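Hi there,

Here is the structure I promised to pass on. Have a look at it first, and then read my notes below.

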Amino acid sequence: MSTISLCMIVKNEEMHIARCLDSIAGLVDEIIIVDTGSVDRTVEIVSDYTKNVYSYPWKDDFSDARNYSFSKATKDYCMWMDADDILDETEKEKFLQLKQTLTPDTDMVMMKYHTSFDEAGNPSFSYFRERWIRNCPQYRWTGAVHEVIQPNGKLVYSDIAISHKKMHATDPDRNLRIYEKLIADGKPLDARQQYYYGRELYYHKQYEKAISVMEQFLLSSDGWVENKIEACSICACCHYALEQEQAALTTLLRSMSYDLPRAEICCEIGKYFLEHGNYHNAIYWYDTALHTPKQEQTGGFILPDCYDYVPLLQLCVCYDRLGDRQKAKEYNEKAGACKPYSKSYLHNKQYFDSL
């Protein structure tokens, strides 16, 4: 059976850390905690779970801290979690089964990462991340922010999911501050860092600068395809914010020069045509989204609702605007089958029942 070292970096996580460790402690063989400067009860709390608690000076570099935590591991695989992550009860049996059956030639286990949830607690944003990594010097984190270990070797994709559930807000400016310090220090950003830097600029409503950075990323020969596609989506959002709607549409269509269309992009294009009253074009794009398979193992961000619920609901709206109430009602019922608790579905149902 494979053995696992849970390796965590923490700081001021007294609100989250016990919940996280309670969810995973009985399933791993070793817990490594690297504290980067807590002034609350974090160290006291984690000391109840493990003796392997280390202090490490924070250097504005997540990879540096994570690599230090990996250096302390003694088991077959290193597993990482953040303090506000949990392994739900529904996942624990699958976790143990994977430990028992994993073949020893496996280099990495990719697991789903759920980072956003709808009103019923179902995942609304997820993607695969490297979660168990063979404990050897070959595999080390890179990137001061949004750090990554590039997936390589023999990969196993598992449907086990880690859920990211914050209980309080973190510093919203931290990542942007780190990127801008790197730039000020004359340290060039690689393609991945450039993409995430553009995202941070977008989150901070620096739309024109975000577009400029993303354009440099899109024109470079490096970078993951999924990041290129997502960069087009972010640029489109920036153009919308700047009231440049035609540029937004052009950028969304540009994403298809990198690969086949993703349902997330199709829904955004459909929304453009819906808002401009071009319902037939909107129907085309929402129907395309509905029949687009998920590309889960490419590393891209997945919005599950874009593959069923959203296009179904929007097709209802389009057909209603075209006067085809029967077809509109049928699509609303299909959307309701996906999310019977949806306020939009229930509102539409009341509308159709009143006709």
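A nonpolar core, as I use the term here, is a set of buried Ala, Val, Leu, Ile, Met, Phe, Trp, Tyr and Cys residues joined through side-chain atoms within 4.5 Å. Please keep in mind that this is a predicted model.

The largest nonpolar core has 69 residues, and L6, M8, I24, M79, F95 and W132 touch the most other members. Both domain 1 (4-164) and domain 2 (171-259) contribute residues, so this core lies between them. Leaving out residues up to four places away in sequence, M79 touches, among others, L6, I24, F95 and W132. Apart from this core lies another, of 33 residues, including C267, A289, Y309 and A328.

Next, the aromatic rings. The whole structure holds 21 aromatic pairs. One of them joins Y54 and Y68 edge-to-face, at 6.3 Å centre to centre and 90 degrees between the planes. Y54 belongs to strand β3 and Y68 to helix α3. The ring centres of F95 and W132 are 5.1 Å apart with the planes at 75 degrees, so this pair is also edge-to-face. F95 is in helix α4 and W132 in strand β7, so the pair ties together parts 37 residues apart in sequence. Both F95 and W132 are buried.

Ring pairs also link a cluster of F70, W80, Y113, F125, Y127, W141 and F301. Over the ring of Y113 sits the charged end of R131, 4.7 Å from the centre.

Finally, C338 is in helix α13. Beyond its neighbours within four places in sequence, C338 contacts D308, Y309 and L312.

Enjoy exploring!

Technical notes:
Residues are numbered from 1 along each chain as its sequence is written. This is a predicted model: local features need pLDDT of at least 70, side-chain atom pairs count only at pLDDT 80 or more; totals for chains, interfaces and linings use all residues. Side-chain values use heavy atoms; hydrogens and water are left out. Helices (H or I, at least four residues) and strands (E, at least two) are DSSP runs, numbered from the N terminus. Contact means heavy atoms within 4.5 Å. Buried means under 20% relative accessible area, exposed over 50%, partly exposed in between (1.4 Å probe, protein chains only). Domain bounds come from an automatic or database domain assignment. Rings of Phe, Tyr and Trp (its six-membered ring) pair if their centres lie within 6.5 Å; planes under 30 degrees apart count as stacked, over 60 as edge-to-face and the rest as tilted. A charge sits over a ring if NZ of Lys or CZ of Arg is within 6 Å of the ring centre and within 35 degrees of the ring normal.
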